[in-house]
Amino acid sequence: MGKVYYRDLTLHIPMEVYNPAEDTFLLAENLKVRPGDSVLDMGTGCGIIAILAARKAETVLAVDVNPHAARCAWVNGKLNGVSDRLSVVCGDLFKPIRGNLKFDLITFNPPYLPSDRRETVKPTERGWLSLAWSGGGTGRELIDRFIEEAPQHLRGGGRILLIQSDITDVGETVRRLKARSLKASVIAEEKVPFERIYLIEAEKPSG
Ligand SMILES: C[S@@+](CC[C@H](N)C(=O)[O-])C[C@H]1O[C@@H](n2cnc3c(N)ncnc32)[C@H](O)[C@@H]1O
């Protein structure tokens with residue numbers, strides 16, 4: 001179990017759970033939440049984005065397929081004083097979410113590295129952790145599934161904040177979001193070792 005400090009948050013993170021990194025911080029630094037918002041944090045990991053969102057939002061739902069992450073996010077939410085606004089569920093993308101449930105903001109820092117390790121994941125420390133970075137053979141498996149399903153869970157005027165890397169074709173992601181009738185663009189980017197990471201914002205038209 002390790003500890004990570006970010007702003008005034010203290011996060012306890014077991015070995016099986018993703019440690020916040022540059023991609024996490026790019027999302028955290030550009031996280032705009034309005035009072036009254038309902039937020040979905042997909043792939044919550046240790047819960048850092050969900051907890052920051054819960055400081056302003058009315059409700060936050062955090063989802064992770066890794067049960068260690070779901071438990072960790074819940075504990076961190078409690079330790080950081082937001083458990084009254086934060087719910088955590090363990091499951092695969094939108095499967096645990098009712099079809100008619102809609103949010104003002106959906107955040108996702110997805111696994112995006114090309115690797116077929118997802119096929120061989122075993123419930124070991126390394127197996128669980130590989131779920132945090134392995135995006136299937138092309139790296140786009142989770143991203144593309146997310147883009148297919150996320151728009152139906154957005155209110156009119158609602159937004160998606162999605163982390164991407166130049167490893168996984170940012171243009172393709174923007175094109176797919178636009179094909180789902182969202183207004184999408186890159187709003188922040190940063191060079192990190194071996195890649196450039198991007199934050200894409202996509203908005204659903206009101207009405
Ligand atoms: C790169 S980590 C990001 C964690 C955290 N949000 C952050 O920014 O530090 C990706 C997270 O997505 C989760 N994940 C992977 N596949 C998923 C799926 N099918 N459904 C939900 N979460 C998933 C992983 O377990 C991991 O916690």
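Guide: Of the 207 residues of the protein, 43% count as buried; a residue is buried if 20 or more other C-beta atoms, placed from the backbone, lie within 10 Å of its own. This is a predicted model, in which local features need pLDDT of at least 70, side-chain atom pairs count only at pLDDT 80 or more, and totals for chains, interfaces and linings use all residues. Residues are numbered from 1 along each chain as its sequence is written.

Visitor: Which residues have the most contacts inside the largest nonpolar core?

Guide: In soluble globular proteins, nonpolar side chains tend to be buried together. A nonpolar core is a set of buried Ala, Val, Leu, Ile, Met, Phe, Trp, Tyr and Cys residues joined through C-beta atoms within 7 Å. Here the largest has 58 residues, and Cys46, Ala50, Val60, Ala73 and Ile106 have the most contacts inside it. Helix α2 (residues 48-54) gives the largest share of this core, seven residues; helices are DSSP runs of H or I, at least four residues, and strands are runs of E, at least two, numbered from the N terminus.

Visitor: How many helices and strands does the protein have?

Guide: There are six helices and nine strands.

Visitor: What should helix α3 span?

Guide: The expected span is 1.5 Å times one less than the number of residues. For the 13 residues of α3 (residues 67-79) that gives 18 Å, and the end C-alpha atoms are 18 Å apart, which agrees. Its buried residues include His68, Cys72 and Trp74. Just after α3, glycine 81 takes a positive phi of about 75°.

Note on methods. A residue is buried if 20 or more other C-beta atoms lie within 10 Å of its own, exposed if 12 or fewer, and partly exposed in between; C-beta atoms are placed from the backbone.
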